[in-house]
Amino acid sequence: MSDTVVHSGHAAPTSLAERPEHSSDSPLSIHAMTVAYQRKPVLWDVDYDAPANALVAVVGPNGAGKSTLIKAALGLVPRASGLVEFWGEPYKRVRDRVAYVPQRESVDWTFPVSALDVVCMGRYRRVGWLRPVGRAHKKVALECLDRVGLADLAHRQISQLSGGQQQRVFLARALAQEGDLYVMDEPFAGVDAATERAIVALLRELREAGKTAIVVHHDLQTVPEYFDHALLLNMRVVAAGPVNEVFTRENLHKTYGGKLTLLSEAAEAVARSGLKVR
Amino acid sequence: MALARPEALLIGDVLEVLTFQGGYNTNAVLVGSAMLGLAAGVVGVFALLRKRSLVADAIGHATLPGIVIAFLIAVMLGASGRSLPVLLLGAAVSAAMAVLGIFGILKYTRLREDAAIGIVLGVFFGVGVVLLSYVQRPENVTASPAGLHHFIYGQTAAMRAGDAMLMAGIALSAVVVTAVMFKELALASFNDDYARVAGFPVSLLDGLMLGLVVLVTVAGLQAVGLILVIALLIIPPVAARLWTDRLLPLMLISGGLGALSGYIGAATSALLPRAPAGSVIVLCGGGVFVLSLLIAPKHGVVAMAGRRAVQRLRIAGEHLLEAAYEHDVSRKGDTTIPARTIRAMERLWGWPIWLGPMVIAGLRRRGHLQRTSDGYELTTTGAARGARIARNHQLWEQYLQTYADVAPGHVDWSADTVEHVLSPELVAELEAALKAKGALP
């Protein structure tokens, strides 16, 4: 492995915010992050700073590592190397400001809980350990359900909701956390038109309120309409910045069509060799 | 427990045991078994929801080597080797090692969970059986290992009040921990990634949940035995799931059903001392499950069949109103339906002989139809309902042809179904969509 492909030996004792290329205003700073599954690299050497108070789309083809990027940033997937900070601090210290919306398919919707129960989970950190969810917290959860238009269905079991309604329940749960950064994994996947409109309205509300949303998105056509910033990803960062700057034919070609086979071939070779990825 | 007699059981005996008149020892075993069932029902809910029920099976089987090794160590140290707490401690230790073994295999190999469970279950149980046959040969061990094999199938007949209280104590501690950690266990079971991001220690909670399973298993070793304790962890939650869609009621019902199975099962086996108690208790659980499957109001078979029958009757009635409307009301303004017309429709639709009278009775009850001298007559509401269904049919056919490019000959069948389920909102949407294309019929 040559150093031009995989960074090795990053000595980074200090906060990323002190490096000239990163800033502590950024809700999410990723520095030289490489991620591998079963030793097969899926993200190479990602550097990225999310702008504050913006709606950011993470786009790229299937297998580009979009979900992996946010999962690795949040610590759900181990990082082979690299540093991640939120507002210049390690994740552990700012958990309460980050709300995560996982993919809808990642849970079992026959689970015996109501929509309101799920939204209440967004309050669990505030409720604290071993204590039941109090009336005040339930009230906040209901308000969040109302914001996504589901107040009437609060007591319905979650399997009796449509796919779009289930997605909105997840969004309401994130709202209930009252965070500053919303990290969403494919919230628009397979939802009906009403839900899509509701999510877009919600994203705009969040921006009005000074928050940031980083959204894995699969529909290129709607990116300019829904988002301010874009991160084009295909195993590495192809381009990142304001949508009107980075959403060029050339960048999209690089992301989706271009000659990127060398990267995946190298990844296969690394996986076969059994070497540890750093 | 010396209640059993060679002659047939008498109702009086059953009542005597069930009403706690079977003596101190019997009562203690009854209460202990009920507590065990309660704990298994409550803990089993989370094992099931976290999809870890089969890990519980491995835990059960993996207690055997621990029991035998604890016995051997106790004998070597000069103790009797029959001390229940020592044996149960051994069981818990080897069960915990089995859990670590399963997760070790998952972490360091590419085997899937089912394979890892199978390997650990088989190896631990195999070692246990080999060790058991070793200690059972008198030339190997001087102390008598009599009774160790009862841990395999369970045996309440030999239980003393103290044993039963130990069982109840361990079981109740598992219930208390589950109740206290309810919220956190629920979160980790429903959405582990989300729980991790929110800062909840999911691995620790998983470990705790499996620790509770180990506790229940160890508590149940004497009464139910290590092979069948898994059934006590699975059956009550699955049966309870048929009764409710909410987590807290699920836990309460599951615990209740488990306690009931334990109580009735232990009472029955007090009267049938030769049948292994574990199997009797588990069979009681099985009975509770079958009963739930039949009569549970939410997801029970009877309730579902009933709902389907009501639905079928409603649809058949709506077809009749629709046909009557289309043929006579809309064309001739004639709202009467002669009995022979109804017979003709029944033949056309291939209705079984009993359906027609039931459909008509239903329509009359709802005021859609009233009797006349030579047949029936549509009421105003009946005619309106028929018109609505006919309109729905037409809208859906037109929609399929306009938007889905379905050939006109192929739209009738789906319209026959869809016409009955369109809500006013959907009808409005359909009309708007068709109007936009200028195709509103």
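A cavity, on a 1 Å grid over the protein atoms alone, is a set of points where a 1.4 Å probe fits but cannot get out; a pocket is an open set with protein on both sides within 12 Å along at least five of seven lines, and lining residues have an atom within 4 Å of a point. Grid points are joined across faces, edges and corners, and a volume is the space filled by probe spheres set on the points.

**Before you click**

This is a predicted model: local features need pLDDT of at least 70, side-chain atom pairs count only at pLDDT 80 or more, and totals for chains, interfaces and linings use all residues. Residues are numbered from 1 along each chain as its sequence is written, chains are lettered from A and ligands numbered from 1 in the order in which they are written, and side-chain values use heavy atoms, with hydrogens and water left out.

**Stop 1: confidence in chain A**

The mean for chain A is 88, and 86% of its residues reach 70 or more. Now select residues 1–13 of chain A. Here pLDDT stays under 50. The model has 18 contacts (heavy atoms within 4.5 Å) for this stretch beyond four places in sequence. Where pLDDT is low, the predicted coordinates should not be read in detail.

**Stop 2: the largest pocket**

Select L76(A), V77(A), P78(A), L106(B) and K107(B). Of the 32 lining residues of the largest pocket, these lie nearest its centre. The space is about 1300 Å³.

Next, show the elements. Helices (H or I, at least four residues) and strands (E, at least two) are DSSP runs, numbered from the N terminus.

Colour the lining by class. Ala, Val, Leu, Ile, Met, Phe, Trp, Tyr, Cys and Pro count as nonpolar, Asp, Glu, Lys and Arg as charged, and the others, Gly among them, as polar. The lining has 14 charged, 13 nonpolar and five polar residues.

**Stop 3: T217(B)**

Stay on α10 of chain B and pick T217(B), which lies in that helix. Is T217(B) buried or exposed? T217(B) counts as buried, because its relative accessibility is 0%. The cut-offs are under 20% relative accessible area for buried, over 50% for exposed, and partly exposed in between (1.4 Å probe, protein chains only).

Show its side chain. It reaches the backbone oxygen of V213(B) at 2.7 Å. Beyond four places in sequence, T217(B) is in contact with I59(B), G60(B), T63(B), V229(B) and L233(B).

**Stop 4: the second largest pocket**

Select D117(A), Y124(A), V133(A), K138(A) and F182(B). They lie nearest the centre of the second largest pocket, which is lined by 24 residues. Two or more of these come from α3 (115–120) of chain A, and likewise from α7 (161–180), α8 (182–190) and α12 (247–271) of chain B. The largest share, four residues, is from α8(B). The volume is about 540 Å³. By class, the lining has 16 nonpolar, six charged and two polar residues.

**Stop 5: the cavities**

Four cavities of 30 Å³ or more are counted. Helix α4 (residues 124–127) of chain A gives the most, three residues. The lining has six nonpolar, five charged and two polar residues.

Move to the second largest cavity, with about 60 Å³ of space. Its lining includes L28(A), I30(A), Y48(A), F86(A) and L231(A). β1 and α1 (66–73) of chain A each give two or more residues, and α1(A) has the largest share, three. The classes here are 11 nonpolar, no polar and no charged.

**Stop 6: two positive phi values**

Select A32(A) in strand β1 of chain A. Its phi is near 50 degrees, positive in a residue other than glycine. With a relative accessible area of 2%, A32(A) is buried.

Jump to L130(A), in the loop between α4 and α5 (135–147) of chain A. Its phi is near 65 degrees, again positive in a residue other than glycine. L130(A) counts as partly exposed, at 42% relative accessibility.

**Last stop: R236(A)**

Find R236(A) in the loop between β8 (229–233) and β9 (237–242) of chain A. It is partly exposed, at 23% relative accessibility. Draw a distance to A64(A): the C-alpha atoms are separated by 8.0 Å, with the two residues 172 apart along the chain.

Note on methods. pLDDT is the predictor's confidence in each residue, from 0 to 100. A polar contact is a pair of N or O atoms within 3.5 Å; within protein, one must be able to donate a hydrogen and the other to accept it, and residues adjacent in sequence count only if both atoms are side-chain atoms.
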